[in-house]
Amino acid sequence: MGYQNLIIKGVGAEDLTSIWTEAQLLRGAFLDAFARVEMAVMLYAHLTGAKVTPAMPLSQKLTALEKERKTFNNPRRLDVRIAAIRELLPVRADVVHSALEVAITFDGRVAETKMQFQNASDAARRPLALTTDQLTAMTSRLTRLAMQFSHQRLLAKDPT
């Protein structure tokens, strides 16, 4: 079922299935939000003439778009949004390149559930542990960024 490395104390099997399912749904929503951001980046890359390809990593697409900042009506807004996206790229890398683990700890009074992401390419690094609230907040932030990104205005081109 996918409950790798669970730390369980006082939790039944039926609870584990619902917890794991919720974690997978949150993971999917987070990745979908990042996909919407990447679609917005690609749209503006196309509109500005930035040299990008679909196969390029998102970080390189952002760099190419930054080089076209002079074509935006408000380049500072672009800078802020790109910085916010870059801030979440390491989280995305862990979420994408990891098998989801759910850790439930119980201290005798409170059970706490966290999703753990151990980046497959860097096993020496400590796994990223997120609560459902943290992943939900990041997903909301990405959704807002995608929407804001799609509302940016470009400078009018000179008619020639």
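Reply: The largest pocket comes out at about 160 Å³, a volume being the space filled by probe spheres set on grid points joined across faces, edges and corners. A pocket here is an open set of points on a 1 Å grid over the protein atoms alone where a 1.4 Å probe fits, with protein on both sides within 12 Å along at least five of seven lines; lining residues have an atom within 4 Å of a point. This is a predicted model, where local features need pLDDT of at least 70 and side-chain atom pairs count only at pLDDT 80 or more, while totals for chains, interfaces and linings use all residues. Residues are numbered from 1 along each chain as its sequence is written, and side-chain values use heavy atoms, leaving out hydrogens and water.

Around the largest pocket you'll find E38, M56, P57, L58, S59, L89, R92, A93, V96 and H97. That lining splits into six nonpolar, two polar and two charged residues. (Helices are DSSP runs of H or I, at least four residues, numbered from the N terminus.)

Now α2 itself: its buried residues (under 20% relative accessible area, 1.4 Å probe, protein chains only) are L58, K61, L62, A64 and L65. They sit on the same side of α2, because they cover an arc of only 160° around the axis, taken from the directions from the helix axis to the C-beta atoms.

Over in α3 there's D94, which counts as buried because its relative accessibility is 6%. D94 touches F117, N119, R125 and L128, leaving aside residues up to four places away in sequence; contact means heavy atoms within 4.5 Å.

Definitions and conventions: Nonpolar A, V, L, I, M, F, W, Y, C, P; charged D, E, K, R; others polar. Helix = DSSP H or I, 4+ residues; strand = E, 2+ residues; numbered from the N terminus. Buried < 20%, exposed > 50% of the residue type's maximum accessible area, 1.4 Å probe, protein only.
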